[in-house]
Amino acid sequence: MNVLHLLSWYPTPDNPMNGNFCLKQIASVSDRVDSVALTVVLDEKATAKEVEVIAHSNFNHIYVHLRPYHGPFSRFVNKFRIFNNYNWGLKYVKKHFFVPDLVHQHVTLPVGRIAHYWKKRHGIPYVLTEHWTIYQPQN
């Protein structure tokens, strides 16, 4: 089975602990399934769209770096650009790795919109692992 993981939280050079539990979960299932993680990042250091592929021991993590737009309606424009580049990332995964059988989204938003769209548009089923403890009764 080919699983494409979508991450809302992910480690960065500035915050290496952010979302590291997602990468640990991906590594734990990647001995049993083929996995690729995909993350689209707004990055002030990017000069244009830049693709970075990080090879972990048993899966690859694709980062698509975009320079943020700072003009009028920047919040809307940047969300639209992120959405479009997740779609571009899906094409990249299909070309360089595999056609996904399943999308595993880690954390609901914002990648939940992408997974739902791909389910409707491409028929790719998805599952959600929500890592937030607010859903537990004691919280």
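This is a predicted model: local features need pLDDT of at least 70, side-chain atom pairs count only at pLDDT 80 or more; totals for chains, interfaces and linings use all residues.
View 1. Over the chain, pLDDT averages 91, and 94% of the residues score at least 70. Local features need pLDDT of at least 70 and side-chain atom pairs count only at pLDDT 80 or more, while totals for chains, interfaces and linings use all residues. Residues are numbered from 1 along each chain as its sequence is written, and side-chain values use heavy atoms, with hydrogens and water left out.

View 2. Six strands line up as β3-β4-β2-β1-β5-β6 in an open sheet with mixed pairing (strands are DSSP runs of E, at least two residues, and helices are runs of H or I, at least four, numbered from the N terminus; two strands pair if DSSP finds at least two bridges between them). β3 (50-55) and β6 (126-129) stand at the edges with a single partner strand each, so one side of each has no neighbour in the sheet. From one strand to the next, the twist averages 20 degrees. Helix α1 packs on this sheet, touching β1 (2-7), β2, β4, β5 (102-106) and β6, and its direction makes about 175 degrees with that of β1.

**View 3. β4 and its two partners.** Strands β2 (residues 34-42) and β4 (residues 60-66) run parallel, joined by 7 bridges. Look for Leu38, whose bridge partner in β4 is Ile62. β3 and β4 run antiparallel, with 6 bridges, and form a hairpin with 4 residues between them. Here Val53 sits opposite Ile62 in β4.

**View 4. Where α2 meets α3.** Helix α2 (residues 74-96) packs against helix α3 (residues 111-122) at about 60 degrees, their axes 11 Å apart (axes are lines fitted to C-alpha atoms, for helices over the stretch in contact, and angles run from 0 to 180 degrees between N-to-C directions). Touching residues (contact means heavy atoms within 4.5 Å) include Phe83 and Tyr86 of α2 and Ile114 and Trp118 of α3.

Methods. pLDDT is the predictor's confidence in each residue, from 0 to 100.
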